[in-house]
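The sequence and structure are shown first.

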Amino acid sequence: MLKTTNLQKKYTTDEVQTTALAGINVTVLPGEFVAIMGPSGCGKSTLLNIIGLLDNLSGGEFWFLDREISTYSENQRADLRKEQIGFVFQSFNLIEDLTVFENVELPLIYLRVPAAERKKRVENTLEAMQIRHHKNHFPQQLSGGQQQRVAICRAIIAQPKLILADEPTGNLDSKHGQEVMNLLQELNQAGTTVIMVTHSPTDAAFSHRIINLLDGQIISENIKQLATL
């Protein structure tokens, strides 16, 4: 699925250079569920942003789907991102002025999927995630757990090979957080690769493997048993 070799990320200002990632070597196989953990400021989100083609690396190599993409232009990264990667964020990132249906449909519009096919795929996805009865509601009319369900629908609607989740339960109570983790686990068991940044050991227990970061470096990797539904 993806591989990084000596991946580095540095931020430079007029006065100082800050190293966010220092020589990250990681391989994620198709169908894995990987959790990335570590204290605030350790580089978790930076690594996720690079894997998600939202940011450039400063050094090293990054292979994604057998392509070395460190020299890709922004347009090339955007095309690959739209086709192959779905994102689930802590803050949901739904568009308040769009209905549930319209929020989920948006990635398919960007991919120029015909209207009839869009409608069918959105309806089926909402039904699978048990949120179809809210399709004409707006995000502010939903609970946090329902909004995250919509966000997951939006993330998977284009049938990406990779789901990136950044603290997906961070704004949810324990009950709704458990529901979201169950959904991510079900998606993974159906074949989607999942990489998740989390502070929660409970959430990390759903993964196959935990990568621990500290000061921009991998300090350990642990194989975990899967949590049960």
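Helices (H or I, at least four residues) and strands (E, at least two) are DSSP runs, numbered from the N terminus. The model is a predicted one, in which local features need pLDDT of at least 70 and side-chain atom pairs count only at pLDDT 80 or more, while totals for chains, interfaces and linings use all residues. Residues are numbered from 1 along each chain as its sequence is written, and side-chain values use heavy atoms, with hydrogens and water left out.

Strand β1 (residues 2–12) contains Lys9. Because its relative accessibility is 8%, Lys9 counts as buried (under 20% relative accessible area; exposed is over 50% and partly exposed in between, with a 1.4 Å probe and protein chains only). A polar atom of the Lys9 side chain lies 2.8 Å from the backbone oxygen of Asn56. Contact means heavy atoms within 4.5 Å. Beyond its neighbours within four places in sequence, Lys9 is in contact with residues including Thr18, Leu21, Thr46, Ile50, Asp55 and Asn56.

Cys42 belongs to the loop between β3 and α1. With a relative accessible area of 1%, Cys42 is likewise classed as buried. Leaving out residues up to four places away in sequence, Cys42 touches Ala20, Met37, Leu213, Leu214, Asp215 and Gly216. The C-alpha atoms of Cys42 and Gly145 are separated by 28 Å, the two residues being 103 residues apart along the chain.

**Helix α6**

Helix α6 (residues 174–189) has 16 residues, which at 1.5 Å a residue should span 22 Å; its end C-alpha atoms are 22 Å apart, in agreement. The expected span is 1.5 Å times one less than the number of residues. The buried residues of α6 include Gly177, Val180, Met181, Leu184 and Asn188. An α-helix has 3.6 residues a turn, so residues three or four places apart point the same way. The elements against which the buried residues of α6 pack are β3 (33–37), α5 (144–156), β7, β8 (193–197) and α7 (201–204). Just after α6, Gly191 takes a positive phi of about 120°.

**Cavities and pocket**

On a 1 Å grid over the protein atoms alone, a cavity is a set of points where a 1.4 Å probe fits but cannot get out, and a pocket is an open set with protein on both sides within 12 Å along at least five of seven lines; lining residues have an atom within 4 Å of a point. Grid points are joined across faces, edges and corners, and a volume is the space filled by probe spheres set on the points. The whole structure holds 2 cavities of 30 Å³ or more.

| Space | Volume | Lining by class |
|---|---|---|
| Largest cavity | about 50 Å³ | 7 nonpolar, 1 polar, 1 charged |
| Second largest cavity | about 30 Å³ | 7 nonpolar, no polar, no charged |
| Largest pocket | about 470 Å³ | 12 nonpolar, 3 polar, 3 charged |

In these classes, Ala, Val, Leu, Ile, Met, Phe, Trp, Tyr, Cys and Pro count as nonpolar, Asp, Glu, Lys and Arg as charged, and the others, Gly among them, as polar.

The largest pocket, of about 470 Å³, is lined by 18 residues, of which Ile85, Phe87, Pro107, Tyr110 and Arg154 are the closest to its centre. Two or more residues of this lining come from each of α2 (74–84), β6, α3 (100–110) and α5.

In the largest cavity, α1 (44–51), β6 (85–89) and β7 (162–166) each supply at least two lining residues; Leu48, Phe87 and Asp166 are among the residues of that lining. The second largest cavity is lined by Val26, Val28, Ile36, Leu47, Ile51, Ile195 and Ile211, with β2 (17–28) and α1 each giving at least two residues.

Methods. A polar contact is a pair of N or O atoms within 3.5 Å; within protein, one must be able to donate a hydrogen and the other to accept it, and residues adjacent in sequence count only if both atoms are side-chain atoms.
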